[in-house]
Amino acid sequence: MNILALVAFVLWATFMRCLPQIIAILRLKQWSACIPGPSMWEFVWKLRKMSVLDRLKEVHKQYGSTFRIWLGKDLFVFLAEPDDIKTLLSSNHLLHKSSNYKLLDSWLGKGLIINGGESWRKRRKLLTPAFHFSILSEFKESMEENCRILIQHLKAKANGEPFDICPYITLYALDVIYETAMGLKKHAQLQSDSLYVKTIDEVCHIAHRRSFSALYRNRTLFKFTKLGRKYQAGVQILHEETKHVVKLKRKMLEECKADTLKSKENSSGDIKGKRRLAFLDMLLISQMEGMSLTDDEIREEVDNFMFAGHDTVSSAIAFTLHLLSQHPSIQQQAYEEVLAAMRDGKESMPYLEAVIKESLRISAVVPFFSRHATEDFKVGSLTIPKGVNIVVLAYMVHRDERYYSQPEKFDPTRFLQDNNDSHPYSFVPFSAGPRNCIGQRFAMLELKCALSNLLRTFEFLPAEGFQPILLPAIIMKSENGIKACEVMSQFLRSESDPIKTLIHKDHAYN
């Protein structure tokens with residue numbers, strides 16, 4: 001009897017503890033009846049036969065620009081109307097990420113990507129100076145140096161046969177983020193393999209599967225599954241890498257004076273602090289000067305920047321090259337602009353920038369992102385209650401026919417100033433408002449640097465019959481690589497090109 005009484009008490013205590021959450025879910029369930037959308041089982045069942053993107057496109061077409069989906073106990077309201085997106089992203093109150101991001105907290109912790117509220121504000125304020133536009137030009141040397149290595153590797157591979165350039169570009173982007181944001185040389189491109197890159201891909205794939213699975217979304221159950229154990233093993237590998245980076249940089253800082261770095265005159269060892277402080281330098285010096293930053297918090301920010309800083313850029317470069325390979329006249333126009341800018345010493349390359357923006361529109365490197373409603377929130381005529389996750393479906397917003405005629409067509413002229421009359425929130429590749437991407441200027445600089453160097457060296461040709469299989473594994477990827485642009489020309493552009501001599505001079509990108 002005593003055992004039965006104990007069991008009954010435990011069950012009762014558990015029920016009472018969960019009662020507020022149960023009541024909240026029931027209220028949301030009742031409210032969600034006013035929003036169109038498929039049942040959870042219908043949505044998940046169809047995912048067995050089609051990709052997430054295709055399923056979301058199907059739901060969007062069936063239910064309109066605002067619809068809801070239940071995933072386990074979590075309610076998601078999707079928005080694809082630019083005016084609604086403006087309301088959401090402009091808010092200074094809805095700064096917390098959705099429950100989907102919490103699925104990554106064992107990896108990314110409370111870094112800038114996942115964190116919210118006042119804690120996020122303080123960290124954002126601390127980190128913003130590391131990516132101020134006035135110092136971005138000082139990143140170009142590193143980008144140029146690593147791009148030359150990338151080009152040499154592609155030259156060695158380019159023989160007229162298709163090959164996947166994604167691994168090469170990813171290692172290039174990893175080298176750049178190490179050297180610019182961490183102040184260390186990784187030499188990833190000189191390695192034939194990268195455990196770090198492979199592990200990130202694996203962890204992202206698992207996180208993608210988990211976010212659309214009612215079973216795997218349960219933290220306790222997921223932990224004991226084979227997939228959960230694989231995920232945690234991957235996270236451990238990633239954490240060990242970032243701990244190594246922090247340990248190495250801390251040792252370097254201890255061997256020199258912080259005020260030397262502050263004056264930006266130090267150039268010792270691998271520290272790339274000639275005239276600026278690296279992102280990691282700022283964190284460690286702030287900790288040394290007494291700021292409340294634990295070692296785990298520093299590691300979390302490094303995890304966030306190492307992931308976001310290389311994965312998004314490498315994906316964007318690869319998709320852009322694929323699109324250019326499919327459109328030779330656009331590629332030729334971008335090539336001519338790059339050479340003319342280099343010849344005339346101009347920094348502005350408006351057509352190449354338009355190419356990049358059009359690629360980001362079509363490819364949507366971050367296809368959807370979301371906020372958690374910490375209070376009731378009014379969007380248009382709809383009042384979304386506290387507790388709902390609100391998703392910006394950027395992939396569909398970028399295909400709104402009201403703002404982009406023939407939305408599947410690759411047309412960079414959409415983003416030339418005289419031709420662009422779209423809604424400002426119909427294009428949100430870096431989000432917008434107070435939680436916009438802190439590194440968007442850095443990303444655009446790296447994209448322009450890499451693409452301008454690649455275009456003046458190679459002509460990218462299409463691979464017959466190839467189409468990328470899109471996979472939104474946190475960052476949009478191509479599940480089968482990018483073979484549509486891996487067919488290189490026989491080597492450099494034609495020797496008869498009157499501006500060919502410029503190619504061999506290794507001019508710095510302007």
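**A few notes on this predicted model**

1. Let's start with a turn. The hairpin of E8 and E9 has 1 residue between its strands, and Ile 474 there takes a positive phi near 70°. Keep in mind as you read on that this is a predicted model.

2. Now the two strands themselves. E8 covers residues 470-473 and runs antiparallel to E9, with 4 bridges joining the pair. If you want a spot to look at, find Leu 470, which stands opposite Ser 478 in E9.

3. Next, an open sheet of 4 strands. Its order is E1-E2-E6-E3, and the pairing is mixed. E1 (66-71) and E3 (369-372) are the edge strands, each pairing on one side only. On average, neighbouring strands in this sheet are turned by 25° against each other, ignoring direction.

4. E1 and E2 (residues 74-79) run antiparallel and are joined by 6 bridges. Phe 67 has Phe 78 in E2 as its bridge partner. Helix H3 (residues 52-63) packs on the sheet here, touching E1 and E2, and its direction makes about 130° with that of E1.

5. Another helix to check is H4 (residues 82-89). It lies across E1, E2, E3 and E6 (389-392), running at about 125° to E6.

6. On to a helix pair. H10 (residues 166-182) packs against H16 (residues 295-326) at an angle of about 140°, and their axes are 8 Å apart. That angle makes H10 oblique to H16, and H10 passes H16 in a right-handed crossing. Among the H10 residues in this contact are Tyr 172, Leu 174 and Met 182, while the H16 side includes Phe 305, Gly 309 and Leu 321.

7. Finally, the cysteines. How many disulfides does the structure hold? The count is 0. Cys 147 is in no disulfide, as the nearest cysteine sulfur, that of Cys 449, is 5.3 Å away. Is Cys 147 buried or exposed? With a relative accessible area of 0%, Cys 147 is buried. Cys 34, by contrast, counts as exposed because its relative accessibility is 52%.

Notes. Residues are numbered from 1 along each chain as its sequence is written. This is a predicted model: local features need pLDDT of at least 70, side-chain atom pairs count only at pLDDT 80 or more; totals for chains, interfaces and linings use all residues. Side-chain values use heavy atoms; hydrogens and water are left out. A disulfide is a pair of cysteine sulfur atoms within 2.5 Å. Buried means under 20% relative accessible area, exposed over 50%, partly exposed in between (1.4 Å probe, protein chains only). Two strands pair if DSSP finds at least two bridges between them. Axes are lines fitted to C-alpha atoms, for helices over the stretch in contact, and angles run from 0 to 180 degrees between N-to-C directions. Contact means heavy atoms within 4.5 Å. Angles under 35 degrees count as roughly parallel, over 145 as roughly antiparallel, 65 to 115 as roughly perpendicular and the rest as oblique. A crossing is left-handed if the near helix is turned anticlockwise from the far one by less than a right angle, and right-handed if clockwise.
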